[in-house]
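This report looks at the spaces inside a protein model, the shell around its ligand, and a few single residues. Please keep the sequence and the structure in view while reading.

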Amino acid sequence: MSLLEVKDLHVTYGSGTRAVPAVRGVDLSLAAGQKLGVAGESGCGKSTLALALLRLLPASAKPTGEILLDGENVLTMKWGRLRAVRWAGASIVFQGAMHSLNAVHRVGDQIAEPILLHRRTMTPAEAKRRVGELLQHVGLPVTRADGYPHELSGGQRQRVMIAMALACDPQLIVADEPTTALDVMIQAQILRLIEQLVAEQHISLLMISHDLGVLADTCDRLAVMYAGRVVEEGPARAVYSRAEHPYGRALSAAFPRIGDPASRRAPRGLPGDPPDPSALPSGCAFHPRCALALDSCSEQDQELVPAGEGRRAACVLVGAGPAGAGAGTEMQL
Ligand SMILES: Nc1ncnc2c1ncn2[C@@H]1O[C@H](COP(=O)(O)OP(=O)(O)OP(=O)(O)O)[C@@H](O)[C@H]1O
Ligand SMILES: [Mg+2]
């Protein structure tokens with residue numbers, strides 16, 4: 001059984017004429033110990049998906065569908081059970097650590113808080129020892145426990161967030177753009193740290209990024225989102241090197257491949273903007289930006305269909321022969 005199974009998840013912010021359908025029918029699954037990357041342009045619903053997984057959405061958001069964590073539906077859990085599941089079942093590392101840490105509390109006390117909440121029999125002295133262990137685990141000196149978030153660099157703050165996420169030995173960590181605000185050297189360090197920790201502790205990882213390359217390096221599987229839907233999913237390296245969906249290919253072409261001699265071409269941008277979720281195009285939401293769109297793409301949306309070994313893609317051209325999305329044609333952008 002999968003550790004995490006998301007079935008037909010929809011999340012809409014607001015209602016009536018102001019309704020924003022941010023996530024539209026997402027199906028995903030993640031096995032124990034597996035690492036799944038979720039990629040897509042700004043506004044495609046990645047953070048909304050992450051927040052839904054831990055039921056942290058604002059009150060204006062209405063989620064429907066199922067989010068099964070170890071077989072239990074997070075969306076319908078009673079509050080007491082949800083409190084027990086957060087941190088210990090699944091924890092989250094947010095986009096931008098500075099905003100997630102409390103500026104007026106010492107770092108050590110913030111890491112100790114979920115520990116004391118979940119391990120009621122633990123004494124404050126034991127929790128302090130555990131905080132020290134966690135700080136060492138993420139490569140920070142134990143003395144940092146007495147400092148405040150503003151005394152730390154961006155990379156150190158993100159390490160603190162990771163220590164907090166690990167504090168109660170979760171089965172799943174959801175990391176929403178954990179390295180976005182960091183410089184490339186620190187970004188690489190933090191990614192390696194996450195990889196090392198989830199491997200050592202056999203934790204499943206759902207990592208969100210707009211950078212397909214980062215995800216392909218870190219994750220086993222990759223899901224590409226567009227306008228609230230997963231449009232492609234499969235083994236990470238395969239999706240990165242030859243996506244089946246024209247959007248996946250365009251996203252992958254938008255990033256430089258440093259050190260890849262097979263790819264000397266300059267990265268290409270994708271023309272046009274991602275659609276406004278409150279005014280989506282008819283049919284396939286990608287069709288206005290797709291150089292391979294057929295007339296029918298503006299009329300009918302495409303479900304995810306099998307697209308090779310362990311892969312699915314939501315494009316009418318999948319398996320359609322030489323001109324098809326799966327035929328390795330370079331989309332002219
Ligand atoms: N609290 C909210 N109320 C209304 N709309 C929202 C709210 N939060 C997000 N949205 C809208 O939902 C859509 C998806 O937003 P989301 O933050 O999930 O995107 P994202 O993929 O994480 O983007 P980014 O890469 O910029 O972080 C966007 O159109 C956004 O404007
Ligand atoms: Mg986001």
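## Spaces, ligand and backbone

The lining of the largest cavity is made up of 6 nonpolar, 2 polar and 3 charged residues. The model is predicted. The volume of this largest cavity is about 80 Å³. Among the residues that line the largest cavity are Arg24, Arg229 and Asp301, together with Tyr226, His245 and Phe286. Searching the whole structure gives 4 cavities of 30 Å³ or more.

The second largest cavity holds about 50 Å³ of space. Its lining includes Val93, Ile162, Ile173, Ala175, Leu197 and Leu205. Helix 6, strand 7 and helix 7 each give two or more residues to the lining of the second largest cavity. Helix 7 provides the largest share, 3 residues. By class, the lining of the second largest cavity has 9 nonpolar residues, with no polar and no charged ones.

At least two lining residues come from each of helix 2 (79–88), strand 6 (90–93) and helix 6 (154–166). In this pocket lining, 9 residues are nonpolar, 2 are polar and 2 are charged.

How are such spaces found? Rolling a probe the size of a water molecule over the atoms shows where empty space is left.

The next topic is the ligand. There are 14 residues around ligand 1, and Ser42, Gly43, Lys46, Ser47 and Thr48 come nearest. Helix 1 (residues 46–53) contributes the largest share of this shell, 3 residues. Sorted by class, the shell around ligand 1 has 5 nonpolar, 6 polar and 3 charged residues.

| Residue | Atom of the residue | Distance to an oxygen atom of ligand 1 |
|---|---|---|
| Cys44 | backbone N or O | 3.2 Å |
| Gly45 | backbone N or O | 3.1 Å |
| Lys46 | side-chain N or O | 2.8 Å |

Ligand 1 on its own exposes 640 Å², and the protein buries 65% of that area.

Now the backbone. Most residues other than glycine have a negative phi, and most peptide bonds are trans. Which way does phi point in Glu177, positive or negative? Glu177 is not a glycine, yet its phi is positive, at about 45 degrees. Glu177 sits in the loop between strand 7 (172–176) and helix 7 (184–200). Because its relative accessibility is 7%, Glu177 counts as buried.

His202 also has a positive phi, near 50 degrees, and is a residue other than glycine. His202 belongs to the loop between helix 7 and strand 8 (204–209). Is His202 buried or exposed? With a relative accessible area of 57%, His202 is exposed, because exposed means over 50%.

One more residue, Val318, lies in the segment after strand 12 (312–313). Val318 has a relative accessible area of 16%, so it is buried, as the limit for buried is under 20%. Val318 and Leu304 are 14 residues apart along the chain, and 9.8 Å separates their C-alpha atoms.

Key
Residues numbered from 1 in each chain as written. Chains lettered and ligands numbered in written order. Predicted model: local features only at pLDDT ≥ 70, side-chain atom pairs only at ≥ 80, totals over all residues. Heavy atoms only, no water. Helix = DSSP H or I, 4+ residues; strand = E, 2+ residues; numbered from the N terminus. Nonpolar A, V, L, I, M, F, W, Y, C, P; charged D, E, K, R; others polar. Near = heavy atom within 4 Å. Polar contact = N/O pair within 3.5 Å; in protein donor to acceptor, adjacent residues only side chain to side chain. Areas by Shrake-Rupley, 256 points an atom, 1.4 Å probe, with all protein chains shown as cover. Buried < 20%, exposed > 50% of the residue type's maximum accessible area, 1.4 Å probe, protein only. 1 Å grid on protein atoms, 1.4 Å probe; cavity = no way out; pocket = protein on both sides within 12 Å on 5 of 7 lines; lining within 4 Å. Points joined across faces, edges and corners; volume = space filled by probe spheres on them.
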